Amino acid sequence: MRFTCAEPGATTFLDVKPGRLHRAVLNGRDVDPATWHDGRLPLPALAADNLLHIEADMRYSHTGEGMHRFTDPADGRTYLYSHCFLDEAPRIFAAFDQPDLKAAFHLTVTAPEDWTVLANGTTTRTAPGRWHAAPTPPVSTYLFAVAAGPYHTVRAEHAGLPLGLHCRRSLAPHLDADADEILDITRRCLDRYHEIFDEPYPFDSYDQAFVPEFNPGAMENPGLVTFREEYVFRSAVTDTERQTRGVTIAHEMAHMWFGDLVTMRWWDDLWLNESFAEYMGYRVLAETTRHTGTWTEFAASRKPWGYDADQRPSTHPVAPDDVPDTAAALLNFDGISYAKGASALRQLVALLGDTAFLAGVNDHFARHRFANASLADLLDSLTRASGHDVHAWARAWLRTTGVDTLRAEPAADGTVRVVRDGTRPHRITVATHTRPALPGTPGSTGTTRATRTTATGTLDDTTPALDLPAPAGPAGTALLLPNAGDLTYAKIRLDPDSWTTATRSLGELPDPLDRALLWTCARDMVRDGELAPADYLDLASRHLPAETDTSVIAGVLAFARGPLADTYLHPGSRPRALAGIGAVCLRLLDRTAAAEDGTGGRTGGDTAGVRLSAVRGIVDAALTEEDTARLREWLTDGRVPGGPPLDPELRWRTLLRLCVLGAAGEDDIAAELRRDPSATGHEGADRCRAALPDPRAKDAAWKALFEHDELSNYRLVATAQGFWQPEQADILAARVPHYFPAATEAAARRGAAVAEALGRHAFPAHAVHPDTLAAGEKCLHDGGTVPALRRALADRLDDLSRALDIRTRHPH
C-alpha cells in the first residue's frame, strides 16, 4: 500500500482480519504483528509518503462474506468470489477501510490452470495459472472484486465495451438460454444511461457474474457486478420475475455512476447510492425494454416493504444525521433506503421536472467524478439546476421518519378535496373513475366504456388541503383514487363511496397500477386494523381470479398466504382461509386454461405466468387429505392437469408442502435429491427435512441452526425456512422460548450475515402469543445481541405485536 500522511510522525491503524499475519513492513522497518488486535494493526511514526507491505494468510468464508468458497455438489468443482461490502474487505486484504479513501487497485492472481479469473478491470492470462488485472481508477475498498473458478462464460461487446456473463458450469445451459435477453437488457440500459448522463460509462469492461450463495440480490462492483445466481432461472418463472431480474441489472448499472464514479463520504449518505439506483433501475428498464410495468410491481410489492419498515420502532430517516459505525450502517439497508428513498426521488422529479433533475445530477457527477460527495453536495447541484430550494425539500423528505396518509373526498360543490395526515409536501394526481364505467355501482349497467380523468396539484406547508377541479365526463364520481400514478410516498385511504365501489369493481379497473394501489391500500388497512383479514380474503376471492398482472397476483397471494393466514387470523380461522386461497388459485388456473384453448376466460398479460402463480398458490395452500392427494398425484405424474410441468422449483415446493403435512418423508426427500443433486436441490432437501413433523427431524434441524456452525449461509436459511410451521404448533411449542437465547449465542459466534438470517428466517413467527412477545422483549432488554440480530428481532417482534393487535380487533 502506498499512502500519504498530512501529519508526519502521527500514528494510525490498518484494518486487516487475517487467519495469520506473517509480516508487516512500513517504510522498510518491521511492525510487530503481535500489536494487532481486534482487526486493527497500529502503524506508528508515519512519514509524509509511506509504503506498507503486508504478508498474511486469510480465511475463506462459507457465509457470503469476504472471500466466499463454494464447491458445487453437482460436479465437485470449486468457485470463489469476493464480497467486500460493507466492511468485509479486510477479510481479503489489508486496507484503510472507509469509502472516502479511494485508491487504484493493482491485482495479480495465481490460480489453478483451468480456472478463469475476473476482476474490476479486464483480466489477462500472463502464464499458466497466472493472471493480471488492469489497474482500476480510484475506487473505494468496499467495491474491490475478484472471482475465480472454472466459470462458464458468454462474451459479447457493445459500442467497443467488452461484456461478459459468467456462472457455474452446471448452470451453463440455463445461462445460455437467457443470455440474449440479459445482454439485450444490458445494451439497452447502457444506451439509456449514456443518453441521460453526460459522463460516459467510467470503467473498461462490464462483466456480470452469477455467483453461488450470494447474500444480497447483487453488488455493484465496478466492472464486475455480482448477482445471486437465482437470477439464472433453472425453472419456469413469471414475466414479473424476468422483469425483476431486469430491474436488478439496471439498478446495478446505475451504481456505476451513483456510488462507483461518485461515492458517499460515509454511510450516513447511503441514499446517494441505493435510493438513486433503485429509482433509476425501475425507471430505465421501463423506458428501454418491453418491461413497461415496472412501477406496477414497485407499487404492489416494493413500496409495501418501505411502508412496513417506516412504521416500526426501528425506522430511520432516508438520510440519517448520524451513523456512528459500519454495524449501524448495515442496519439501514432496508425498505427505507431502497423503496422509500426511490419514492422520494420520484416525487422530487415530479416537483422539479425531469430536465432540471438530470441537469443537477450531471452537475454533481462533473464536480465529484472519481471522488466523494455528501448529501449537501448533491442538493447544491440540484438547487443550481432547478432554482428550487431543494435543501428545504430534503429536510422534509430525507431527514424525517414515518408515512403520511392522503385522503380524497368529493366536495359539495363537485370539486375533489385531498386531505393530508402528515407534514411532507406532495405533488400528486387524483384519478376519478365515473359511475357509468364501473360494474356493480348504483345506476350502472357495466357496459359503458371506462371514463378515467385526472387532476394534479401540490400539498405543501401553505396548503394543508388541496381542492382540485371537478372531473370531466359524466356527473357523479364513483371512485376517487388519490396518488394515481404513484408519484409520491404515502398511504392512501378512500372515502366511503369510493371504497364501496372498489370492493365491487376493483378487478375491472383497466389500469394495473390503479389496481395495485388499491390492493396496497387494502393491505395497509388490514395491517392498521381498519379492515378485517377475512374481508381482505373476500376481496381476493371476488377480484383476483380476473387479474392478469402477475406482479399484482404475486403481491396479493404473498400477503394473503403469509402474514394474513399465518399470523393475523386466529388459528381456528386458518383452514377456511387456506381453502379460500386455494379456490382462488384454482379459478385462476381454470381461467388461463380456458383462455388458451379458446373456450373463454379473460385474456391479456402473462398467461403462462398467471398459471404458474396459480399452481404455486395451490401448493402453498394445501391442507386437507384431498389437497395432499392432489399434490401427490402431481408429483407422481410430473405435471399439473391444465397447468405446467413440474420443474425442479415446483417439485421441491410440492414436496415441502407434503412434508409439512406429514404426507411425505425421508425416502421421498432422498429420491428427489437423487433426481436433482444440484446446490438448489440440497437446499430443498434441507428445507424439507427441517419441515418434517418428527421430533428427531426437528432436533437435527435445531442443532444445525443454533449449535453447529457447519451450514453455509444458504443452507442455514433453507433449514430455517422449513423449521417453524403453523401446522406443527403443538410439537414446536416447547422450543419457542429457547429460540431467543439460542439465536443470540449462534449470532455472536457466526457474524452479521448469519445473525440477520437467524433473526429474519428462523424467528417463530407462527407463535402469535403474548408469551413470545414477552420472551423476545426480555432478550432485547437483557442485551448481548449483536446489532444485526437485534434489528431483525426488533422488527419481527413489532410484526408480532401488530398481529396480536389485529387478532384483538377482529376476533373472528
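**Helix packing and cores**

Guide: In this predicted model, helix α4 (residues 294–310) packs with helix α11 (residues 512–527) at an angle of about 20°, and their axes are 8 Å apart.

Visitor: Are α4 and α11 roughly parallel or roughly antiparallel to each other, and why?

Guide: Angles under 35 degrees count as roughly parallel, and therefore α4 and α11 are roughly parallel to each other.

Visitor: Is the crossing of α4 and α11 left-handed or right-handed?

Guide: The α4 and α11 crossing is right-handed.

Visitor: Which residues in α4 and α11 meet?

Guide: From α4, the residues are W295, T296, A299, A300, P304, Y307 and D308; they meet P512, L513, A516, L517, T520, R523, D524 and R527 in α11. The residues of this contact comprise nine nonpolar, two polar and four charged.

Visitor: Moving on, how many residues has the largest nonpolar core?

Guide: The largest nonpolar core has 118 residues, and Y193, W271, F357 and L398 have the most contacts inside it.

Visitor: What is Y193 in contact with, leaving aside its neighbours within four places in sequence?

Guide: Y193 is then in contact with A250, M253, A254, W257, M280, G281 and V284. There is also a second, separate core of 109 residues, which includes W519, V619, L732 and V736.

Visitor: Another topic: is S82 buried or exposed?

Guide: Residue S82 lies in strand β8 (residues 78–83). Buried means under 20% relative accessible area, so S82, at 2% relative accessibility, counts as buried.

Visitor: And what does S82 touch?

Guide: Not counting residues up to four places away in sequence, S82 touches G66, M67, I92, F144, A145 and V146.

Conventions: Residues numbered from 1 in each chain as written. Predicted model: local features only at pLDDT ≥ 70, side-chain atom pairs only at ≥ 80, totals over all residues. Heavy atoms only, no water. Axes fitted to C-alpha atoms, helices over the stretch in contact; angles between N-to-C directions. Helix = DSSP H or I, 4+ residues; strand = E, 2+ residues; numbered from the N terminus. Parallel < 35°, antiparallel > 145°, perpendicular 65-115°, else oblique. Left-handed = near helix turned anticlockwise from the far one by under 90°. Contact = heavy atoms within 4.5 Å. Nonpolar A, V, L, I, M, F, W, Y, C, P; charged D, E, K, R; others polar. Core = buried A, V, L, I, M, F, W, Y, C linked by side-chain atoms within 4.5 Å. Buried < 20%, exposed > 50% of the residue type's maximum accessible area, 1.4 Å probe, protein only.
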